[in-house]
Amino acid sequence: MATLACRIEECSRLLQQALDAQQQGAALAAEVEAAAAAARDGTVRERAWLYQAEQRLLAAKQTQPEAPPAPDDAPWRNHWLLGRPIEKPPLSALAQAVPAGGQQAAAEAGLPDFVYASKCLLEDNYCVIDGFYPLDACRRVWREIDDLYAQDGMAPGQLGGGAGDKARAGSTTLRSDFVCWKEGGDPGVEACTEYMVNRADVFVQKIAAFLDAAVGAPHGWEAKRRTKMMPAVYPGNGSHYVKHYDNPGTNTRKLTIVLYLNEGWRPEDGGYIRLGKPWQAQETDSLFTPIAPLMGRAVLFWSDKRCPHEVSPVYKTRYALTVWYLDEKDKSPEEADMR
């Protein structure tokens with residue numbers, strides 16, 4: 001708890017500096033000080049409070065808002081498929097414990113799922129597809145990831161703030177998940193490999209080819225490369241991941257696809273992925289879309305600054321499998337050819 005308290009005190013100090021610079025008053029500083037005092041007990045509630053305080057700190061540090069994107073006449077809206085109106089589920093439905101069914105409405109309108117995903121990516125920068133992978137197959141993927149975690153086959157995420165074991169994962173400052181990187185065909189991830197090769201790879205290649213033919217640059221690309229797959233586990237206890245971009249302009253990631261593996265998820269379990277707008281200056285609930293991590297649900301979104309995102313505090317072990325698809329020919333150490 002001493003380490004956690006020191007981190008909170010440092011957070012409070014930095015926040016006070018930001019507030020002095022921006023003349024935002026003493027109310028926010030008092031909130032962080034209250035969180036610092038309470039979080040010394042290290043309970044789930046206080047860790048969640050710390051998470052909210054850190055989010056406010058990140059917002060306070062932003063001295064200039066990002067400019068909104070330039071107006072776009074979006075000629076793709078006249079495309080005979082992309083221009084077809086589709087009734088998407090309300091945003092509130094994405095946070096519920098039952099599937100939202102947006103792709104079903106698309107199917108009824110005669111649109112294949114990859115066209116629906118393409119349309120959503122163009123209009124909203126993300127897409128949610130329920131039932132993306134069959135339930136029994138999802139259970140096999142979940143079992144492999146759970147075995148990796150139980151056998152200490154994962155390490156804290158790279159921004160984990162120094163957490164070295166599972167018991168401390170919920171107290172890290174920026175990121176508190178456990179992850180590993182796996183090649184297709186590695187021992188112990190046969191079900192994960194089957195999902196990546198037979199479902200995710202094929203689906204993303206269809207999206208890339210369709211967008212390249214229907215829209216062209218900058219949306220379309222040749223999806224010939226991807227990263228290794230990344231199983232991830234959030235161990236509960238308020239573990240979280242603050243707002244970030246998967247590609248802040250320093251790598252070649254184009255599209256992120258996450259398969260969630262949390263059967264029987266309930267709202268009190270937490271662990272929403274919250275997708276934000278690309279131009280917001282402040283982190284407020286109204287600027288984020290919370291999406292529940294339901295079993296078999298896939299969330300696709302652009303990896304660059306069009307889609308900042310975060311994981312809200314998790315109170316029950318949360319499982320996911322992520323793959324990033326690349327836009328450039330250069331390969332970084334974790335990238336691999338599709339196979």
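Two strands pair if DSSP finds at least two bridges between them. Strands (E, at least two residues) and helices (H or I, at least four) are DSSP runs, numbered from the N terminus.

## Model and conventions

This is a predicted model: local features need pLDDT of at least 70, side-chain atom pairs count only at pLDDT 80 or more, and totals for chains, interfaces and linings use all residues. Residues are numbered from 1 along each chain as its sequence is written, and side-chain values use heavy atoms, leaving out hydrogens and water.

L259 lies in strand β7. In β10, L259 stands opposite A298. β7 pairs with β12 in the antiparallel sense over 7 bridges. With β10, β7 also pairs in the antiparallel sense, over 5 bridges.

Burial is judged by relative accessible area: buried is under 20%, exposed over 50%, partly exposed in between (1.4 Å probe, protein chains only). L259 has 0% relative accessibility, so it counts as buried. β7 is largely enclosed by the rest of the structure, because 8 of its 8 residues are buried.

Contact means heavy atoms within 4.5 Å. Not counting residues up to four places away in sequence, L259 touches F132, Y133, C138, Y195, G296, R297, A320 and L321. L259 and L300 are 41 residues apart in sequence, with their C-alpha atoms 9.0 Å apart in space.

## Strand β10

β10 is mostly covered, with 5 of its 5 residues buried. In a regular strand the side chains alternate between the two faces of the sheet. A298, L300 and W302 point one way from β10. V299 and F301 point the other way, and all are buried.

β10 also pairs with β1, in the antiparallel sense over 4 bridges. C127 stands opposite L300 in that strand, β10.

## Nonpolar cores

A nonpolar core is a set of buried Ala, Val, Leu, Ile, Met, Phe, Trp, Tyr and Cys residues joined through side-chain atoms within 4.5 Å. The largest core has 53 residues, and V141, I145, Y195 and L261 touch the most other members. The elements giving two or more residues to this core are α5, β1 (126–129), α6 (135–150), α7, β7 (253–260), β10 (298–302) and β12 (318–326). The largest share, 11 residues, comes from α7.

Y195 touches F132, Y133, V141, A200, I257, L259 and L321, not counting residues up to four places away in sequence. A second, separate core has 12 residues, including Y260, F301, C307 and A320.

## Helices α5 and α7

Helix α5 (residues 113–124) packs against helix α7 (residues 190–214) at an angle of about 65°, with the axes 9 Å apart. Axes are lines fitted to C-alpha atoms, for helices over the stretch in contact, and angles run from 0 to 180 degrees between N-to-C directions. The crossing of α5 past α7 is right-handed. Right-handed means that the near helix is turned clockwise from the far one by less than a right angle; anticlockwise is left-handed.

From α5, the contact involves D113, F114, V115, A117, S118, L121 and L122. They meet R199, F203, K206, I207, F210 and L211 in α7. The residues of this contact divide into 9 nonpolar, 1 polar and 3 charged. Here Ala, Val, Leu, Ile, Met, Phe, Trp, Tyr, Cys and Pro count as nonpolar, Asp, Glu, Lys and Arg as charged, and the others, Gly among them, as polar.
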